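Work through the following exercises with the sequence and the model at hand. Each task sentence is followed by a solution that goes step by step.

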Amino acid sequence: MGNANTEAEGIVLRAVCGVYTVHADGRIVHCTLRGNLKKEFEYSGGSAPRVTGVKRHHGRDALAVGDRVLFVPGPHGGGIIEAILPRRSRFSRTGFRGREHTVVCNLDLVVIVAACAEPNPDMWKLDRFLVAAEAEGLDAVIAANKTDLVSGDAVAIFVEYVNVGYKVVPVCAKSGDGLRALQEILTGRIAAFVGASGVGKSSLLNALQPGLNLRTADIGRVTWKGRHTTTAAQLIPLRFGGWVADTPGLRQFELTDLDREEIADCFPEFRPYIGQCRFDDCRHEAEPGCAVRDAVECGRISPRRYESFRLMAAAAESR
Ligand SMILES: Nc1nc2c(ncn2[C@@H]2O[C@H](COP(=O)(O)OP(=O)(O)O)[C@@H](O)[C@H]2O)c(=O)[nH]1
Ligand SMILES: [Mg+2]
Ligand SMILES: [Zn+2]
């Protein structure tokens, strides 16, 4: 029969009403799911039968933005998805009617954008983003933007994080300084840009990918020029190879549902001391023989980061 139906591999950029925009070798293919596959997923949850349209919509975890797929290309830039490759990660959030939905799959990296000034960095907020990234098992880097607004070493502002082992990349969306380094980190990966409003997330993405023309200085999400802000998740392919996740669910990235013990685990500098405390169920507060607190007192853990842990743990316990 020949190889007319050879499968190609691609990545799902968007999913709208059963049509999946697949990015493969720099090309865009509009795919549908092979019938069998669709049925498989529709019934996989074991829920009561519903009309097809609704079912397809609610079977949203069948295939999500970021999924890697095998598809058979067809005519007119179309194709049929034959298989979904195993997911490396799945980032989900509780959304509509308390349903858990997949925000994006196969996310590799979170770029936490902070400004060196205007607005001044909020380290407490930064800590929460980092804890969320750790909890999701994602790599995190800090992009220290607006280096033009400070004299001297921008990395020094974030030295606390360098000491913990995080990578801090000084960048300037305005002048383009440091973009090459950020580009190298993003290449070949699926990244999410998170950070407070006004730190320069959209500006950085515009600078990384001229022509993207994301709106800046807005409170909304990044969006293509000339398009209305959509609420659908999507991946934006970067010209140098790599994808940026633009999904509404990522705005709540910092909201996690962790308990005190899990939060402690999400502070990498605590890890050598956890399990060394006198009591197995140590809360790392006022307990005698707390190895974490001892490390703070000896200067091996930043007192501010420790305080940040205590605030997060207390907030988690009051939920
Ligand atoms: N001075 C300076 N301003 C910047 C830089 N990057 C972004 N801005 C400005 O900061 C404001 C917020 O940027 P924006 O990209 O919309 O931030 P977002 O809310 O994180 O997406 C805008 O007025 C930008 O022009 C930078 O590197 N230097
Ligand atoms: Mg923005
Ligand atoms: Zn302890």
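Helices (H or I, at least four residues) and strands (E, at least two) are taken as DSSP runs and numbered from the N terminus. The model is a predicted one, in which local features need pLDDT of at least 70 and side-chain atom pairs count only at pLDDT 80 or more, while totals for chains, interfaces and linings use all residues. Residues are numbered from 1 along each chain as its sequence is written, chains are lettered from A and ligands numbered from 1 in the order in which they are written, and side-chain values use heavy atoms, with hydrogens and water left out.

**Exercise 1. Place Arg304 in the fold and state its surroundings.**

Solution. Begin with the secondary structure, which for the protein comes to 10 helices and 13 strands; Arg304 belongs to helix α10, residues 303-317. Next, consider accessibility, for which buried means under 20% relative accessible area, exposed over 50%, and partly exposed in between, with a 1.4 Å probe and protein chains only. Arg304 counts as buried because its relative accessibility is 19%, and of the 319 residues of the protein, 45% count as buried. Finally, list the contacts, where contact means heavy atoms within 4.5 Å: leaving aside neighbours within four places in sequence, Arg304 is in contact with Met123, Trp124, Asp127, Glu160 and Tyr161.

**Exercise 2. Describe how helix α6 and helix α7 are arranged, and which residues meet.**

Solution. Two packed helices are described by the angle between their axes and the distance between the axes. Here axes are lines fitted to C-alpha atoms, for helices over the stretch in contact, and angles run from 0 to 180 degrees between N-to-C directions. The axes of α6 (residues 179-186) and α7 (residues 201-208) come within 11 Å and cross at roughly 85°. That makes α6 roughly perpendicular to α7, on a scale where angles under 35 degrees count as roughly parallel, over 145 as roughly antiparallel, 65 to 115 as roughly perpendicular and the rest as oblique.

Turning to the residues, Leu179, Leu182, Gln183 and Leu186 of α6 meet Leu204, Ala207 and Leu208 of α7. These residues divide into six nonpolar, one polar and no charged, with Ala, Val, Leu, Ile, Met, Phe, Trp, Tyr, Cys and Pro counted as nonpolar, Asp, Glu, Lys and Arg as charged, and the others, Gly among them, as polar.

**Exercise 3. Determine the donors and the geometry of the site of the zinc ion (ligand 3).**

Solution. Donors are N, O and S atoms within 2.8 Å of the metal (3.2 Å for Na, K and Ca), and since water is not among the atoms, sites may look incomplete. The zinc ion (ligand 3) is coordinated by Cys277 (SG), Cys282 (SG), His284 (ND1) and Cys290 (SG), at 2.1 to 2.4 Å. In sequence, these donor residues follow the spacing C-x4-C-x1-H-x5-C, and Cys277 and Cys282 are both buried.

For the geometry, four donors count as tetrahedral if all angles lie between 85 and 135 degrees. The angles among the four donor atoms of the zinc ion (ligand 3) are 103 to 116°, and the site is tetrahedral. The ideal angle for four tetrahedral donors is 109.5 degrees.

**Exercise 4. Locate the backbone features at Pro119, Asp25 and His76.**

Solution. Most residues other than glycine have a negative phi, and most peptide bonds are trans. The peptide bond from Glu118 to Pro119 is cis, with omega near 0°, and Pro119 lies in the loop between β8 and α3 (123-135). Asp25, in the loop between β2 (19-24) and β3, has a positive phi of about 50° and is exposed, with a relative accessible area of 81%. His76, in the loop between β4 (68-73) and β5 (78-84), has a positive phi of about 60° and is exposed at 84%.

Notes
Tetrahedral: all angles 85-135°; square planar, octahedral: opposite > 155°, others 65-115°.
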